[in-house]
Amino acid sequence: MNQTNISLEALNAIAEFQKIEITSAKIYASFAKRQKDEHNRKVLEQIAADEAQHAQIWKKYTNKEVKPCKLKVIFFRFLEMILGYTFVIKLLENGEYDGVANMEKLKKRNPRNCHNYQRRRKARA
Ligand SMILES: [Fe+2]
């Protein structure tokens, strides 16, 4: 992807989306490791793989590796131990929807930057 077509503001937002996705991937992977039920573990592993794939999509725009937020991973693992993974997954999903809302704001400023993201969202629904 040619970064010269993307504004610095959009690139920074996309890097943040990339970080959210890779952090979510790490969190889901950590939940999967602790999951004893085989079916649930496989589902969590698949979600982790999906999130990692989403981060890779954003990487096409940023052309850089973004590290997960370790503090957030530790925090969500702690919450999972106290509240259970079902509740914590709902929190994570809400975080992703915040990312979607941010993308909507970005789209209003520069619709071309959001085309692939919109297509991906529709495919996921
Ligand atoms: Fe995602």
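## Basis of the model

Residues are numbered from 1 along each chain as its sequence is written. The model is predicted, and local features need pLDDT of at least 70, side-chain atom pairs count only at pLDDT 80 or more, and totals for chains, interfaces and linings use all residues.

## Overall architecture

The chain contains 5 helices and 0 strands, taken as DSSP runs numbered from the N terminus (H or I, at least four residues, for helices; E, at least two, for strands), and along the sequence the pattern reads α-α-α-α-α. Of its 125 residues, 24% count as buried, a term that requires 20 or more other C-beta atoms within 10 Å of the residue's own, whereas 12 or fewer makes a residue exposed and anything in between partly exposed, with C-beta atoms placed from the backbone.

Among the contacts with a separation of 6 or more, 72% join residues 24 or more positions apart; a contact here means that the two C-beta atoms, placed from the backbone, lie within 7 Å.

## Helix H2 and its cover

Helix H2 spans residues 38-62, and its 25 residues reach 36 Å from first to last C-alpha, close to the 36 Å expected at 1.5 Å a residue (1.5 Å times one less than the number of residues). Its buried residues are Leu44, Ala48, Glu51, His54, Ala55, Trp58, Tyr61 and Thr62, and H1 is included in what covers them. Just after H2, asparagine 63 takes a positive phi of about 55°.

## H1 against H2

The axes of H1 and H2 come within 8 Å and cross at roughly 160°, and H1 is therefore roughly antiparallel to H2, the class for angles over 145 degrees. The residues of this contact divide into 17 nonpolar, 4 polar and 5 charged.

Leucine 11 lies in H1, which covers residues 8-34, and counts as partly exposed because it has 16 C-beta neighbours inside 10 Å. Leucine 11 and tryptophan 58 are 47 residues apart in sequence, yet their C-alpha atoms are 9.5 Å apart in space.

## H1 against H3

Helix H3 covers residues 70-83, and its axis and that of H1 come within 9 Å and cross at roughly 35°. In this pairing, Thr23, Lys26, Ile27, Ser30 and Phe31 of H1 meet Lys72, Val73, Phe76, Arg77 and Glu80 of H3, a set that divides into 4 nonpolar, 2 polar and 4 charged residues. For both contacts, Ala, Val, Leu, Ile, Met, Phe, Trp, Tyr, Cys and Pro count as nonpolar, Asp, Glu, Lys and Arg as charged, and the others, Gly among them, as polar.

Methods
Axes are lines fitted to C-alpha atoms, for helices over the stretch in contact, and angles run from 0 to 180 degrees between N-to-C directions. Angles under 35 degrees count as roughly parallel, over 145 as roughly antiparallel, 65 to 115 as roughly perpendicular and the rest as oblique.
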